[in-house]
Each structure stands twice: as C-alpha cells, then as structure tokens.
Amino acid sequence: MTAPLKHSDPVNVDVALGDRAYDIVIGRGVLSSLGERVAALRPGVRTAIVTDRTVAKYWLEPTEASLAAAGIPTSHVIVEEGEISKTYAGLEKVSEALIAAKIERNDLVIALGGGVVGDLAGFAAAILRRGVDFVQVPTSLLAQVDSSVGGKTGINSPQGKNLLGAFHQPVLVIADTAVLDTLSPRQFRAGYAEVAKYGVLGDEAFFTWLEKNHADIFKGGSAREHAIATSCRAKAGVVSRDERETGERALLNLGHTFGHALEAATGFSDRLFHGEGVAIGMTLAAQFSARLGMIGEADAARVERHLIEAGLPTRLQDIAGFAQEGLADADALMALMAQDKKVKRGRLTFILLQAVGRAVIAKDVEPTPVRDFLKDKLAQKA
C-alpha cells in the first residue's frame, strides 16, 4: 500500500508494458498539465476530445484551454451521457466525427469522461485508420480506478455488455481527483464499489484500511488520493502480467458475472449503475463462495456490511423495479450470464473467494447450484 498522499503531491503509477508502457498521473489539479504532457509525449500532434454532455459542462473548456496553452489544436465530439452511447449508433457518431476532424494515425483521441466515454472513445480510436493512439482523462471514480487503466475498450450489444471491443492501451492517463467533486453522491458511491473490489480480491490490509477510512474518501480528504493510487497500482500490476486476460486478470472481474447480467436485465439504464451492479455481484459472489464452503459466513457478511456502510446496494431487492420480468427470474438471469465473455464452451466461470483478500478463478461452474442460489436470493423478502 502507498503512504497517504497530500493533495499537493501528484503521483505517477507506471503500467509496465515494455515499449507500450504508460503513466497514470494522479493528483488534485493535474488536468491543467494535460497539454504540457501531451506536447512532450507527441510533439506536433493534433487531438480530438470525446466527452459527454454533463462532463462537457464542467471540464471541456479547461481541457481545451490546457491543450491550447501548449499549442495543440483540438476538436471535440459530445455524446449523450450513459450506456445509451455505448452502442453501434454511438460508435458510428464518434468514428465519423473523428474522420471528419481528419484525425490521423500520428494524432491522439482524448477520452474525457467516465467509463462509457473511455470505452467508446478507446474503441473508436482502436478501429480508426486501423489504430490511433488515445489518452484517458477519467472524470468518474470508477473510471479513475478501473476502466481507464488496462486497455479494455468496447460497446454493448443488445445481447450483453461489452461484447464488442478491442484491447487498445492508452498512452497516458490523467486522473485529476478534483473533477470528482462534481459527481453526484450516487455516482461516487458506484465508483467506490470498484475501489472496495481491489481489497476484497487481493489485499485484505487495504480492505481493512477502507473499512476505517471510507468516510474520508467520500469527503474528499487525502484518503481519496491514497485509495485511487492503491487501486491503480493493483490494476497496473495485474495488467502488466496478463494484458489480454488469459489468466490472472480475470480476477478483476470479481462481482462482474452477476453484475453484468443485472445490468442487462435492467436495460443498461440508470436503474442500476455499473458500480452498483458490481456491489451486488460482489456480495453474491461472496455469499455463493460461502455456500460452497470456500469461505465462512462471517467473511461474506463482512464484505456486505462494508458495502452497505458505503451506501451501496447489496441485494437483488435493492434494484429499482426488482419485480419486473427478467430481473426476478433465475432462468432469465442465467441466460444473461451465459453471454458473459468468460463463458467457455457454455460453462460458466466465476471469480470466487477463499478469504477476504484472496480471490480465485473458478472454471466450469455447474449451472444448477448457481440457479438454486439465485432462486434463494430472489425469494428473500424486500
């Protein structure tokens, strides 16, 4: 774990990928250094910013000003906020705008936004002229600690989340913790689920620290930078060892097999934010691990208790419109999980727990125990 940071001390986390290595720059106010850093990285470059309407209100002008101060010409394309833009239509809009802006292979696309914008802009960059580099400027907590790091880009299919995409690493990540001040409390809480995930899956000491310090993270104290830096270091280490998720990187999907199915069941809508789905999925994964005898009930309860203290949903009944068809049906949820990217030859893969701080990849999980587990959870009273 890192030592707690002062607000005035930006920190660099290296993602060690050989000649494709890049820095994650974390700190309060580091957005103003974007132009200077891009100019040093790519002299003479042109850029195009992809952002959404809400982020544009707060951060498009400062981003353009930083680039202009460094003499970097830029254009921008603004998409709708939320998963509605992570579609074929959203990809077409962004791609055509980048082509119209005459972005070439030696130029840069800048993803200014949360996870949706990062995934969408990154995928558009990956396929534009068969590959244009891009910079991540994540503006949500979830994006700063998870989706902006590691090169996963893509869009959703009506049949499932992130089923179309590419591994395409950014060349720089600028994580300005000041931009998180404009998030709604719900958005911040949703991002916190991914922070807690790093402790649950691989660092019990960090999870214990989160149990004691999560209030300061939410208030914006120095604990916020510490939590983001620790999360980024954890993910950077995994990505550097397993970039294309052939092994260890799958552990980062703790809670996602359940969570993605729940997102699909709610139509990728604001009824359930991604981080909220992860929180419920992580709780279910812990409880399913306990049912299988892999961990004790007390460990599963510990995970759920912390997420509840952070204000996150942990039960299926916490989802808005829970009783709607497709959400309160175990077979329907099983069908959605069957579209998970980790499914191999029709067999489910889950990330389960041997302890708080020790996750394992469980391959070829039989569907019957999962279905019975979901039926029991669905039968619980709201």
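Started with β6 (residues 133-138) and β9 (residues 172-176): they pair in the parallel sense over two bridges. For me, strands pair if DSSP finds at least two bridges between them. Elements are DSSP runs, helices being H or I with at least four residues and strands E with at least two, numbered from the N terminus. Valine 135 sits opposite leucine 172 of β9.

Ground rules before I go on. This is a predicted model, where local features need pLDDT of at least 70, side-chain atom pairs count only at pLDDT 80 or more, and totals for chains, interfaces and linings use all residues. Residues are numbered from 1 along each chain as its sequence is written, and side-chain values use heavy atoms, with hydrogens and water left out.

Next, the whole sheet. I read an open, mixed sheet of seven strands in the order β1-β2-β9-β6-β5-β3-β4. β1 (11-15) and β4 (74-79) are the edges, each pairing on one side only. Neighbouring strands are turned by 20° against each other on average, direction ignored.

Then what packs on the sheet. Helix α1 (residues 34-41) touches β2 (22-27), β3 (47-52), β5 (108-113), β6 and β9, and its direction makes about 170° with that of β9. Contact here is heavy atoms within 4.5 Å; axes are lines fitted to C-alpha atoms, for helices over the stretch in contact, with angles from 0 to 180 degrees between N-to-C directions. Helix α8 (residues 222-241) touches β1 and β2, its direction at about 15° to that of β1.
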